[in-house]
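Please keep the viewer open and follow the stops below in order, selecting each residue as it is named.

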Amino acid sequence: MKEILKNNWQHFAALGIFVAVVMIYFSPQFNGMAIKQHDVEQYIGMSHEAYHFKDKTGEEQLWTNSMFGGMPTTQISLIHPGNFLGRAIMNFVNWFPSPGGMVLLHLICFYIMALFFRVNRWVAVIGAFAFAFASYEIIILQAGHNSKSLAVAFMAPVVGALYMAYRHKPWLGVGLSAFFMVLEISCNHLQVTYYLAFLLGAMGVAEFVRSIMNKEVKKFIFVSAGLVVAYGLAVAVNYGNVSMTNEYAKTTIRGGNDLTLDLKGEPNVVNTDGGLDKDYITQWSYGIGESFTLVSPYVKGGGTVVFADSPNADVLDNMDISGEERRMLEGYPVYWGEQPFTSGPVYIGIIMIFLALLGMVYLKEPSKWALLAVGVLALALSWGKNYMGLTEFFIENVPGYSKFRTVTIILVLIELIVPVIAMLFLNKLIEERETIKENSRKLYITSGVFFLFMLIVKFAGLGDNYTSQSFDQAQLDRIEVQINQQLDGIDPAQIQQQYGVDLRDPKQREMFVTEQMKGYEENLENVKEARAIVYDSSMNRSLIFLFLGIGLIVLLIQTTIPSAAIIAGFGLLTLIDLMGVSVNYLDSDDKYWEDALLKKYPYVADEADEQILQMELVANPKLAGIINQAESEGKRKAEEQGAEGEAKRRIITAQKFMALNENSNYKVFDLSGGFSSAKASYFHKSLGGYHGAKLRTIQNLYDFHLSRTNNKVYNMLNVKYFIQPGESTPVARVNNDAMGNGWLVKKIKVEKDRDKEIRALGKTFHVQNSGSGTLVVNSAKPTEADVYGYEYLRYVYNGDSLPINLSNGVTMGMKAHMVVDSQGSISTVPDFVFDNDTAVKSFTKLVTYEVVSDFDPKVEAVIAEQNVNGLTKRSFDDKGEVKLVSYSPMKLEYSVSADGDAFAVFSEIYYKDGWTATIDGKEATIYNVNYLLRGLEIPKGKHDVVFTYDTTKYDSSNTTSMALSVLVLLITGLSFWKQRKEESKG
């Protein structure tokens, strides 16, 4: 043991430094606190049912009904235990949770990579701190993007192992490449892994060039083949997750779209073949000027917060403004970048950028060009919609690129590349100090040019006038619209009496509005001035650190100060620089931390949830004993964990609602949370939820019907309760028309395709031009047309373009008319009103419309022609009953009685790749009906119907993964043995 400590004391010292810094920086974590993380909170909500199921049965749950009416847990909570190497990551995170554990993992991973690069250990420590405390890494931890953070951490050793394989130890490098790539893919953030492939590919090309120059092509081929096998094996270990994710992705908003028409009925050319919409992909795009945050953090203001909450709030103290002007400024956003909003900048550190720049001058190997090329490409791709030519090329031509959104994530490559180049330069500085002294002219020129460049940027600015075109001008435009709307509601005589302005005169009105806008425009000028101070302060900060960094270089050249002291100086500057920024986005402030138990149980049951619980108890008194037992279990769990007060109440509540969830099968829809919150999913089976890869069918249904309050669609989905805002707290509203777990229908309505199928779930209107004007449907000008209410409908009459509003109150058999009265006013009247007006003729018809089709889920089921194969008939006997006998997330048992041959519709989401059905033990065909529900043909009589989620592929993939995980460990161990054997020979 003493020998091990003696030979490896520097590694233990480095680890000790890492642990000490993490414990100091995240001190609340070691005092019973946990970081507040929005995405983790949502994750707990969406995975609550799955984790309870596993806790009770010991099995993984592959399907959950708590989100979006039902969806696979593939990208929610599904664990593949066969990949025990990947499980080791989760065990580490559970033992040392985020954020401290994540940052420690970053530090260790970079340090390991640095060892593979054979650099000085203390240089490796500096690089590790630069990698771990880059602002974006701290920001994503605060947001709760834990899988992304894990994947970024493991990028480092994957790159290091590749470098080792080509440069130093081929056998060991290949073995470790397999090991670390298994861990990288196991992090389950395929977007980061996808970007990592760019870097690995570029480094491979650089090594190929080097092998040609050194006449080592044979070795290159050997190592490359080994790496291909290693990466392939890593994918195979993760095959269960990768393949299931790939299959699932095809059915989500990241895959294809089975609709070829949009809401208006016009061709939907985007997404029919797969991939995300370009606007969705590039919604978060880094601005070109915003890229300067890499070297100076606040050149665009920082995060999307108001001045009062900004790290730069003190700039207002230096402005010559009144108290009222200051109050207005305090409530105005400090950020003026290109993104819709952002938590903070991507700041890598001016010291790291400076050292990397020197590295590009002094390092003499092809890999630096590979690193530079990927860094430049990553920066350009992060611009997204601001550099659309390149982005479109990648979306349309690079396989897989269109599957990922938020292009700014690719900047994680630069977070790794810059410290790597800086680290290699610092290592060269130690090893070749005297040589560099002799050639110091390049050092001085590079440092001076960079300092001059930063000075020019400081004084010249970024050419944005300290405004955000996407926000500031839009806000002024909104204010102007509001002023005009207010004027429309005021008596013109009142304005003329008070201000002497005749609003009926367009010029006078325009001048009056312009005068009213002056105050707001002057406020914007104050905002610009404050932002200019923020910008200037940020550039001054960077210049000071740069000056100190140059000073260390001068000391190195002009003095005999030990290199270790210079390295320590750069380490100290790097820490102060990066932590001085990252602390603004996560520190020991109470706003970032909460009691650990409150994080574990993040949701509080509000009045609406309690109302639903009580109504379910009234409807099913047998639940009372179950809920009481769950309450006792909750008290026991709370006592076990030492919970008191609020934490205890949350634990008991969670247990009660989980029992309710297990013993009932209704859905709720949270009108306030909708598709952006998993709170309802924590307590109930929810039609809403929070997930970036929901099923395409539920998203389409939301766009076409749910968002437009088509109650019949809510009914068929068994939405028994709506949670809606109350006076002080949300309240529950009962939907008495919810159709339950299943029902029998009289007929099947077959539609030509999926477009017509989804539209058939609403009303079809026949619209006819009845006047002298022009009917406009989208871009066409027909005399009459069948429409669904989503189209662009206008009527051009006497030079005016009038909107046509189709009333949902019109039912089958009714006609309505859009008319103009004798005063020129436009209105809509029922047919009988017009008929009774024959004598006076006070109305003139413009448009006539009637409902020619209206979906009735109690009577019919709609099915697309492509899905009718095997269906024996179109008309059925609807006399009978469908009753849910037993509920489990992956097994639903029904008792169905039918007086004749019947067709049953179930209020469960259709998913062909998972669910199977049996009728009295015999497999039956599940039909996709009503666009996203399940249907079965039921023979006459009483039958047992069982839906089961197939776990065969999951089970087999776990067995394979376990065997391959063992193989990876054997290969890694063998590579250590082989390398040592070769070294002993040499």
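Which side chain does a polar contact of 2.8 Å join to that of threonine 64? Select serine 66, whose side chain is the partner in that contact (a polar contact is a pair of N or O atoms within 3.5 Å; within protein, one must be able to donate a hydrogen and the other to accept it, and residues adjacent in sequence count only if both atoms are side-chain atoms). Before going further, note that this is a predicted model, in which local features need pLDDT of at least 70 and side-chain atom pairs count only at pLDDT 80 or more, while totals for chains, interfaces and linings use all residues. Residues are numbered from 1 along each chain as its sequence is written, and side-chain values use heavy atoms, with hydrogens and water left out.

Stay with threonine 64, which is buried at a relative accessible area of 1% (buried means under 20%, exposed over 50%, partly exposed in between, with a 1.4 Å probe and protein chains only).

Now turn to the salt bridges, of which the structure holds 32 (each is a side-chain nitrogen of Lys or Arg within 4 Å of a carboxyl oxygen of Asp or Glu). Select aspartate 317 and arginine 326, where the closest N and O atoms of the salt bridge are 3.0 Å apart; arginine 326 counts as partly exposed, at 25% relative accessibility.

Next, select arginine 541 and aspartate 577, whose side chains meet in a salt bridge of 2.8 Å, N to O, and which are both buried.
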